[in-house]
Amino acid sequence: MKRSLEKFNRLVDALQQLPTIGQKSATRLAYHMVMHDSFGALKLAHAIENAITSLKKCRSCGGLSEDELCSICSDERRNHELLCIVENAKDILTFEENALFDGRYFVLDSIEELDISHLRGVVQSGIKEVIFALTPSIANQGVMLYIEDKLMDCDVRFSRIAQGVPTGVSLENVDILSLTKAMEDRVSI
């Protein structure tokens, strides 16, 4: 009688669907969960289930929330004159983990799904500056120009996060777009 590892293989396949998890890592994780920490694995499964059933998009910014409005959008202490446009909700977590920004956010997700009237409403609620925090690319440069054009009549200042050479990286390892932006956006010392 031949025994099958079908359930183990399905677990490995499911883990491989996660970003940056390959075959070896998925197998290692699956083995650890099944053979060494079944309680931890069940705890993880429960946490995943709770997150999936409880989390949704904030109706204002598009970030992660357990309520209609996220804690950032409903926080009166934040600077409601600054709006940072990010590519995805994960970017908000990066800014917040490092206490880099105290204004409001707007998640772009995709230009195809951009509700410009919703963005306009957010901007018209007292925003004075829109900051683009998008990954440097030709496509995102076009997105910024498109949004600027659509909000031109809103009397706001537009800016983008600085781009260029990362700290500690030698010039030979910097892509040409970053190096070009670093030269164009150089500052006096």
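Trainee: Which residues of E3 lie on one side and which on the other, and are they buried or exposed?

Mentor: Leu82, Cys84 and Val86 are on one side of E3, and Leu83 and Ile85 are on the other; all are buried. Buried means under 20% relative accessible area, exposed over 50%, and partly exposed in between, with a 1.4 Å probe and protein chains only. This is a predicted model, where local features need pLDDT of at least 70 and side-chain atom pairs count only at pLDDT 80 or more, while totals for chains, interfaces and linings use all residues. Residues are numbered from 1 along each chain as its sequence is written, and side-chain values use heavy atoms, leaving out hydrogens and water.

Trainee: Why two sides?

Mentor: In a regular strand the side chains alternate between the two faces of the sheet.

Trainee: What is the strand order in the open sheet?

Mentor: The order of its four strands is E4-E3-E5-E6, with parallel pairing. Strands (E, at least two residues) and helices (H or I, at least four) are DSSP runs numbered from the N terminus, and two strands pair if DSSP finds at least two bridges between them.

Trainee: Which strands stand at the edges?

Mentor: Strand E4 (104-107) and strand E6 (157-160) do; each has a single partner strand, so one side of each is left without a neighbour in the sheet.

Trainee: How many bridges join E3 and E5?

Mentor: E3 (residues 82-86) and E5 (residues 129-133) pair over five bridges. Among the bridge partners in E5 are Val130 for Leu83 and Ile131 for Cys84.

Trainee: And E3 with E4, how many there?

Mentor: E3 and E4 pair over four bridges, in the parallel sense. Val86 stands opposite Val107 in E4. From E3 the chain crosses through helix H4 (residues 89-97) to E4, in a right-handed β-α-β crossover; with the strands pointing away from the viewer, right-handed means that the path from the first strand over the helix to the second runs clockwise.

Trainee: A new topic: which residues have the most contacts inside the largest nonpolar core?

Mentor: They are Ile85, Leu119, Val123 and Ile147, in a core of 18 residues. A nonpolar core is a set of buried Ala, Val, Leu, Ile, Met, Phe, Trp, Tyr and Cys residues joined through side-chain atoms within 4.5 Å. E3, H5, E5 and helix H6 (138-150) each supply at least two residues of this core. A second, separate core of 16 residues includes Leu82, Cys84, Val86 and Ala133.
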